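Please examine the sequence and the model before reading each solution.

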Amino acid sequence: MHNEQEHKWEERIRFVAKHYEEGRLDTDKAWKQFASEKGIRRTIPLRRYLLAIASVALLLVGITSLYLWERSKPEWVMVSTLPDQLKDVYLPDSTLISMSGNSWIRYNVKEYGKTRREVEMKGKAFYEVTHDESRPFSVQTNYTEVEVLGTAFQVHERSASVEVHVATGKVKFTAGQDQEKKSIILTKGMSANYSMETQDIELQTKEKPNYLSWKTGIIHFHGTPLEEVIDDLTDHYNQPVRSRTSIRGERLTATFESLPLDQILMIINQTLDVRLYVEK
Amino acid sequence: MGAFTSEEFEQCFKDFYQPLCLFALRYTDQVDDAEDVVQQTFADIWDKRTTIGQINNLKAYLYRSVRNRSLSLSVKQQDHQIIDTLPDVEDTSLDEQIHCAERDARLWNEIDRLPPERKKIFLLSKRDGLKYKEIAEELNISVKTVENQIGKALKSLKETAIRIYTFFFG
């Protein structure tokens, strides 16, 4: 170092050392004393304060929406059946669903019974709905909806049509896509069919006494044209029944209870001298 | 600077307190007086913080206020105290004095950080003016050790100065 600088350096060391006292000029101590004399408390600047409030609020909004989203996320209970399986399902309000084979139903546990009772389905099922006017019950398929307050009815959803049979009470059957919706009120004993092709609901005038046979196991015919007998058997056993001969004008009166299909066909063939068979 | 928030004020206080004290010390020659002057200066700014309006250069303002207060204090004390050193700092510019005060503050802190034994030896020599031999006798150690410790203390003080110099200008 330069001589003059060296001298200045020496002078500064001397100066500082001369006045140096252990623990003096302690900035933090000085501030504490000053702050307490002046009554200065640590305050958070407004901007940072607002920012903190904003982030807390944002966090709360986030948590709340996550919670709401989580809560509104449906929690489905789904029941399905194998092709030849029958199943009875009780819903939380003790509504009974009797499911036919090859069907499924599902409902959202979180929402079911809150203000409405909604069930979605495919296939065929018979509903015995617990009466509750304050919470309407409805069954939805792709394009139809059946609304009831409390009644017993059946919905049979096929690929091209949906059929509703009412056993007791009254239902509102709505069908169609978007704006093209149509509704019909069905009461005890009535049935209606919605066809995907015509996109229209058709009231069935002919009685269908066997629509519940899959459930009861009893098939009932009373002067029934053989064409209809074939349809009902095909439906009930889910096997294609055909005739080798003309059956025009033939009618059948009979009751079958839990009989195998080939036995029923044998009985009919012997009684009416026709040749019905199961197409393999 | 406008109106201070208490946090900004605290930051400012902590940044400038030590250099301002060492700056005042050049005039007052008493640590107590220097601290009083600086505290009063800050108190003044704090009390006027809402009416003070804009201070364009807060640092310069602080140093100037401290200088004025220090000078009027030494004038008041002149009656009953012989001024042996009405400081020769006056012939240098305020900027230079500020710079000097800042370096003095760093020296002070560096002395603070010296290991206790080395600090004691260093202060006995530089503050109390004892000779190495006297220190050795006082502390019952060898003169060699005293030399050694003082050499190390000076070295670390100088290193701080150089380190900071190179940090800013190097």
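Angles under 35 degrees count as roughly parallel, over 145 as roughly antiparallel, 65 to 115 as roughly perpendicular and the rest as oblique. The model is predicted: local features need pLDDT of at least 70 and side-chain atom pairs pLDDT 80 or more, whereas totals for chains, interfaces and linings use all residues. Residues are numbered from 1 along each chain as its sequence is written, with chains lettered from A and ligands numbered from 1 in the order in which they are written.

**Exercise 1.** Determine how α1(B) and α4(B) are oriented towards each other.

*Solution.* Step 1: the two helices (DSSP runs of H or I, at least four residues, numbered from the N terminus) pack at an angle of about 110°, their axes lying 8 Å apart. Step 2: α1(B) and α4(B) are therefore roughly perpendicular to each other.

**Exercise 2.** Describe the contact between chain B and chain A.

*Solution.* Step 1: chain B contributes 25 residues and chain A 21 residues. Step 2: on the chain B side, α1 (6-28), α2 (31-47), α4 (94-113) and α5 (116-126) each supply at least two residues. Step 3: α1(B) gives the largest share of that side, nine residues.

**Exercise 3.** State the secondary structure content of chain B.

*Solution.* Chain B has seven helices and zero strands, in the sequence pattern α-α-α-α-α-α-α.

How values were computed. Two residues are in contact if their C-beta atoms, placed from the backbone, lie within 7 Å. Axes are lines fitted to C-alpha atoms, for helices over the stretch in contact, and angles run from 0 to 180 degrees between N-to-C directions.
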